[in-house]
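Please study the structure shown below and work through the exercises that follow. Each task is followed by a solution in steps.

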Amino acid sequence: MQSMNGGGLVIALVNVGFVVRQQLRIRPVRRNVSLIVPAILGVLGAALIALGIASVVKEHSLTALPVVLLEVLASLAVAGLFGAVRARTVRIWREPRGEVLRRGAVATTGLWVASVAVHTGLALWTDHAAGTGSLGAASLYAYLAIGLGTQNLLVRRRAVAL
């Protein structure tokens, strides 16, 4: 995404890599832990979106803002959709001791890669529509929070049904 400086891009890629790596590990399905990372990403994402909105308003009149916000909301809806689809690819099973475990599949990783690629395209489109290059990239953490949060909630729901 063109608006992120080199350091910001590296940090974003490290975070995405961490999230994807965690998906491939065998982990217990826990009641609250699976919501901590999405909550942290969500707070960070909301703060960055607020800064991105401020940069749009600083550069342009408020008439561009509704269009840009609509594009950001569309991007976040796509994140939820990808999260719901990814949740179906996560294998869930109960061990003999009763603990419920989870592990993402190759399809889970592929959907994460596709999701980040779609977000990148939407972010570039948003920045083009805004005429400034900061809001689309700023929404990455909110995108990850919604996608991961949706996936984790749906995986937890499936785990409870076991």
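## Aromatic rings and charges

The whole structure holds zero aromatic pairs, where a pair would need the ring centres of Phe, Tyr or Trp (its six-membered ring) within 6.5 Å. The model is predicted, with local features needing pLDDT of at least 70 and side-chain atom pairs pLDDT 80 or more, while totals for chains, interfaces and linings use all residues. Residues are numbered from 1 along each chain as its sequence is written, and side-chain values use heavy atoms, leaving out hydrogens and water.

**Exercise 1.** Determine over which rings the charged ends of Arg-86 and Arg-91 sit.

*Solution.*
1. The criterion is that NZ of Lys or CZ of Arg lies within 6 Å of the ring centre and within 35 degrees of the ring normal.
2. For Arg-86, the ring is that of Trp-112, with its centre 3.6 Å away.
3. For Arg-91, the ring is that of Trp-93, at 4.2 Å from the centre.

**Exercise 2.** Is Gln-151 buried or exposed, and which residues does Gln-151 touch?

*Solution.*
1. Gln-151 belongs to helix H6 (a DSSP run of H or I, at least four residues, numbered from the N terminus).
2. Gln-151 is buried because its relative accessible area is 0%; buried means under 20% and exposed over 50%, with a 1.4 Å probe and protein chains only.
3. Leaving aside residues up to four places away in sequence, its contacts include Arg-86 and Trp-112 (heavy atoms within 4.5 Å).

**Exercise 3.** Describe the surroundings of Val-155.

*Solution.*
1. Val-155 lies in helix H6, residues 140-160.
2. Val-155 counts as buried because its relative accessibility is 0%.
3. Beyond four places in sequence, Val-155 touches Val-29, Ala-87, Val-90, Ile-92 and Arg-102.
4. Arg-86 is 69 residues away along the chain, and its C-alpha atom is 9.2 Å from that of Val-155.

Methods. Helix = DSSP H or I, 4+ residues; strand = E, 2+ residues; numbered from the N terminus. Phe/Tyr/Trp six-rings, centres within 6.5 Å; stacked < 30°, edge-to-face > 60°.
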